[in-house]
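Thanks for coming, everyone. Let me put the structure up, and then I'll walk you through it.

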Amino acid sequence: MKYSIFSLAKAALSGHKGWTRAWRDPAPKSHYDVIIIGGGGHGLATAYFLANEYGIRNVAVLEKGWIGSGNAGRNTTIIRSNYGLPGNTGFYEMSMKLWERMEQDLNYNAMVSQRGIINLYHSDAQRDAFARRGNTMRINGIDAELLDAVQIRKELPFLNYDSPRFPIMGGLMQRRGGTARHDAVVWGYARAADQRGVDIIQNCEVTGFVRDPNGKITGVETSRGKISAGKVGMAVAGNTSRVAAMAGMKLPIESHVLQAFVSEAIKPLIPGVITFGAGHFYISQSDKGGLVFGGDLDGYNSYAQRGNMPVVEDVCEGGMAVMPMIGRVRMLRQWGGIMDMSMDGTPIIDKTPIDGLYLNAGWCYGGFKATPASGLVFAHLLARDEPHPEAARFRLDRFRRGAMIDEKGQGAQPNLH
Amino acid sequence: MRIACPFCGERENGEFTYLGDASPKRPNFAADSGESPERVEDAFYDYVYLRDNVAGFMREYWYHGGGCRSWLIAERNTVTHEFRSVIAAPGVGAANPVQAGE
């Protein structure tokens, strides 16, 4: 069923009884050309692009729980392309351009809202660094505006401009940045992939790899039986090391927990996304009215999908520092997701040393905004056996070669990226 | 999560800073070991970048900056956040292992 104003009106007139399910619930076949492990945003987007752009339709997405139950449903829904390093700049801008046409491409309302993102600066040095990043973005055809405090005050009068410790001196604005409805992104890709023949198989956990005598991966063992495959792609975020270990692979990745928070719903207050430059705090307001915010990783290796109190306190302190009125709002919910933190803070999209196994991982806590581009470049890699030009730097061997892409300049310490 | 420091007793984890996995060992090649540069580089690549990223009990370094300022080695379950033991890191003290919950 194609969604449109007419299908909506027709359904409304018939009491909304005519809606059909948005994707099938097939039993796994015995063989697929490509199996994607992981039914999150990235895995489903990969399947969509494989079917839509590269003509490979005999594809299965295997998900151990239900689709979107991992980080795709646990993020703070921010989309942006304000990166400064070669490799990241072009990749994330390609992603932003895909966000801008996603709803037309998928025939699905993902509530992509380009409401702007502003990174505040609080010192001369930080202003210079942001000016440099803004110029880098503009040279690469990405929108960026350096605003001073007077200009920001007109748009965001409620911030704490005159804090003696961290005065707001200005900010770097990307107006094309914003938010999207994270679950709708998952559902949109699932529906569009399903329409193009992809099998989405939920409650199907991969428990091992099937290999031929030469070591090539020829399929997977799952909780729903053995499935053979021409190629297997991994898009399993925080569980990357666990799945890789089944193939005997050790990766430059650690799993860490990142918490996020939602307040009670209030009337429209925050027009876009705001980030505090003197701590680590970012906030936006959902269309339901809740303030959605977050901060740093908890900092220790974790697979637990829940965090601890020191980071809750730290995030709330960041909020109070930049926007004291937030203290009057009650926190409604809080949760944790498991991030696949790479050693330089940048993703890895590459063939692995094992024939037939392909890797899409290391998204750190920036995976949501990358969803469409990640799907496109991973589909390209799986279809053509060579990296997409925009992902040519995201190679697995870059650590060995000393070609890291370390946007934050922290070195090989994943909990600091 | 509370960490039983062998010197300070059980304290909340905000007092501690995490370094990471305690199992990687720095490669130690003698200058005249005759190892090929590739093997030396491989060993350092493994030490600096590759991690087991254990799901389960893992030995890891913590620094008690908000207390005795000692480096500690904890054995902690990364799936449940349960601590099995916390001891002083070798070379910094002679504390006995403290069992979690004691």
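Start with helix H9 of chain A, which is mostly covered: twelve of its 14 residues are buried. Buried means that 20 or more other C-beta atoms, placed from the backbone, lie within 10 Å of the residue's own; 12 or fewer makes it exposed, and in between is partly exposed. Helices here are DSSP runs of H or I with at least four residues, strands are E runs of at least two, and both are numbered from the N terminus.

A quick word on the source. This is a predicted model, where local features need pLDDT of at least 70 and side-chain atom pairs count only at pLDDT 80 or more, while totals for chains, interfaces and linings use all residues. Residues are numbered from 1 along each chain as its sequence is written, and chains are lettered from A and ligands numbered from 1 in the order in which they are written.

Back to H9(A). The helix covers residues 371–384. From first C-alpha to last, H9(A) reaches 20 Å, close to the 20 Å expected at 1.5 Å a residue; that expectation is 1.5 Å times one less than the number of residues. Its buried residues include Pro372(A), Phe378(A) and His380(A). Next comes Asp385(A), with a positive phi near 65°.

Now the domains of chain A. The bounds come from an automatic or database domain assignment. Domain 1 is 24–108 + 181–251 + 344–416, and domain 2 is 117–171 + 255–342. Their C-alpha centres lie 27 Å apart. Contact means C-beta atoms, placed from the backbone, within 7 Å. By that rule, 30 residues of domain 1 of chain A meet 28 residues of domain 2 of chain A. On the domain 1 side, helices H3 (88–106) and H7 (240–246) of chain A each give two or more residues. H3(A) gives the most, with three.

What about the largest nonpolar core? A nonpolar core is a set of buried Ala, Val, Leu, Ile, Met, Phe, Trp, Tyr and Cys residues joined through C-beta atoms within 7 Å. The largest has 118 residues, and Ile35(A), Leu44(A) and Tyr189(A) are among those touching the most other members. Both domains of chain A give residues to this core, so it lies between them. Apart from it lies another core of nine residues, including Trp62(B) and Phe83(B).

Last, the two chains. The contact takes 18 residues from chain B and 21 residues from chain A. On the chain B side, H1(B) gives the most, with three residues.

Terms used
Two residues are in contact if their C-beta atoms, placed from the backbone, lie within 7 Å.
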